[in-house]
Amino acid sequence: MSHSTVPRSSTEAEAPEKVPVASGDVTGPREKPPAGKLSLRHRFRRDRVLVLMTLPAVLLVLVFNYLPILGNVVAFQDYDPYISDNGIVSILNSPFVGMENFQRIFEDSDFWNAVENTLVLFFVQLVLFFPIPILLALLINSVVRPRVRAVAQAVLYLPHFFSWVLVIAVFQQMFGGAGMLSQLLRQNGYDGIDIMTNPGTFPFLLTAESVWKDAGWGIIVFLAALASVSPDLYEAAAMDGAGRWRRMWHVTLPALRPVIALLLVLRVGDALTVGFEQILLQRDAVGPGAGEVLDTFVWWNGVRNQDFSYAAAAGLIKGVVSIGLVLAANKVAHLMGEQGVYKK
């Protein structure tokens with residue numbers, strides 16, 4: 001007797017294969033546990049290659065960034081490095097003075113002058129320097145020919161590799177007392193000017209040097225963010241009748257908004273660090289009244305005057321305030337709907 005072959009339904013064809021499981025005779029589909037419920041051992045086995053790749057970087061950060069934090073204890077001591085040839089022994093044998101160094105700092109007019117100069121320079125750079133990479137990235141991104149875009153990006157990025165000594169030397173040849181600008185003015189019957197030694201224009205001089213040197217690096221960051229924008233958005237906006245400016249306002253800038261918020265939070269957190277090497281090279285030209293910032297204040301008192309405890313106290317104040325600025329700026333980014341440095 002022949003048996004008729006009846007095709008199975010699609011439901012039966014797609015049914016998962018029953019495999020025996022550990023609990024008795026019950027059979028059921030084998031389900032993979034969710035990734036979030038994996039144990040630490042399983043997650044380490046899964047990501048062990050990535051962990052091994054990042055281990056050298058983690059060790060470098062621990063050794064050169066976090067381990068030296070323990071040395072901030074000298075801010076609460078009358079530290080004498082000459083007690084012993086071993087720095088750890090010198091720290092252990094130096095007497096504690098409590099908050100005496102911090103009291104000296106708050107009563108020091110030079111410290112408050114450095115704070116004022118630091119904040120003035122930060123606000124000038126935030127207003128004049130921070131938007132420039134964004135504008136240049138938008139300008140380069142609007143260029144149609146790839147060859148022209150590549151050349152413009154390379155030319156703007158090249159000064160990033162120059163040292164601050166070379167950058168300041170170039171500006172000295174252009175805007176110094178014997179520079180090209182002064183010679184041009186004298187040839188036309190005017191008095192020469194020396195911008196490099198003018199305390200009143202010093203914040204703008206530093207900002208111009210930073211723009212020329214580091215704007216190219218910011219352009220790369222924003223161009224990378226623009227590369228992730230789907231061309232379909234621009235095509236849809238163009239079909240709706242949006243011109244170039246409206247596409248930039250409604251498509252490009254919203255795409256850059258998370259990157260702008262992240263860099264702004266980092267910039268605010270770095271407000272008290274405004275370029276140690278750049279300012280130290282020009283501090284004597286304009287005098288400490290205009291050229292002293294917190295970093296040079298710490299260096300001058302710690303290295304030159306060898307008052308290590310006093311300098312460590314000033315650096316510790318700067319670090320604590322910087323952490324507070326990062327947390328406050330990140331909170332503002334969360335209120336604006338952006339992720340910032342970390343999520344809520």
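Me: A salt bridge is a side-chain nitrogen of Lys or Arg within 4 Å of a carboxyl oxygen of Asp or Glu. With that settled, how many salt bridges does the structure hold?

Reply: The structure is a predicted model, and it holds 6 salt bridges. One of the pairs is R104 with D307, whose side chains meet at 3.0 Å, N to O.

Me: Where do R104 and D307 lie?

Reply: R104 is in helix α5, which covers residues 100-106. D307 is in the loop between α17 and α18, so the pair ties together parts that are 203 residues apart in sequence.

Me: Which residue forms a salt bridge with K318?

Reply: The partner is D295, and the closest N and O atoms of D295 and K318 are 2.4 Å apart. D295 belongs to helix α17 and K318 to helix α18, so this pair ties together parts that are 23 residues apart in sequence.

Me: Are D295 and K318 buried or exposed?

Reply: Both D295 and K318 are buried.

Me: What about K213, which residue does it meet in a salt bridge?

Reply: The side chain of K213 meets that of D214, at 3.8 Å from N to O. K213 counts as buried because its relative accessibility is 9%, and the cut-off for buried is under 20%. D214 is partly exposed, with a relative accessible area of 24%.

Me: Which residues are linked in a network of salt bridges?

Reply: R283, D284 and E292 are linked in such a network. E292 also takes part in a polar contact of 2.5 Å, which joins its side chain to that of T296.

Me: And where is T296?

Reply: T296 is in helix α17, residues 294-304. T296 is buried, with a relative accessible area of 0%. Beyond four places in sequence, T296 touches F276, I279, L280, R283 and G291.

Me: Changing topic: how many residues has the largest nonpolar core?

Reply: The largest nonpolar core has 20 residues, and V274 and I279 have the most contacts inside it. Two or more residues come from each of α6 (109-128), α9 (164-175), α11 (202-227), α13 (244-269) and α18 (308-335). The largest share, 4 residues, comes from α9.

Me: What does V274 touch, apart from residues up to four places away in sequence?

Reply: V274 touches T118, L121, F122, Q125, I279, V293 and D295. Apart from this core lies another, of 16 residues, among them V74, A114, V115 and L294.

Me: Which residues make the nonpolar surface patch?

Reply: The patch is made by L52, L55, V58, L59, L60, V61, L62, V63, F64, Y66 and I69, and its area is about 1,100 Å². One of these residues, L60, lies in helix α3, which spans residues 48-66.

Me: What is the phi of Q306?

Reply: Q306 has a positive phi of about 55°, although it is not a glycine. Most residues other than glycine have a negative phi. Q306 lies in the loop between α17 and α18, and at 42% relative accessibility it counts as partly exposed. D307 is in that loop as well.

Me: What does the accessible surface come to?

Reply: The accessible surface is about 22,600 Å², and 65% of it belongs to carbon and sulfur atoms. As for contacts with a separation of 6 or more, residues 24 or more positions apart account for 62% of them.

Note on methods:
Residues numbered from 1 in each chain as written. Predicted model: local features only at pLDDT ≥ 70, side-chain atom pairs only at ≥ 80, totals over all residues. Heavy atoms only, no water. Core = buried A, V, L, I, M, F, W, Y, C linked by side-chain atoms within 4.5 Å. Buried < 20%, exposed > 50% of the residue type's maximum accessible area, 1.4 Å probe, protein only. Contact = heavy atoms within 4.5 Å. Areas by Shrake-Rupley, 256 points an atom, 1.4 Å probe, with all protein chains shown as cover. Polar contact = N/O pair within 3.5 Å; in protein donor to acceptor, adjacent residues only side chain to side chain. Patch = residues over 30% accessible without salt bridge, like charges linked within 9 Å, V, L, I, M, F, W, Y side chains within 5 Å.
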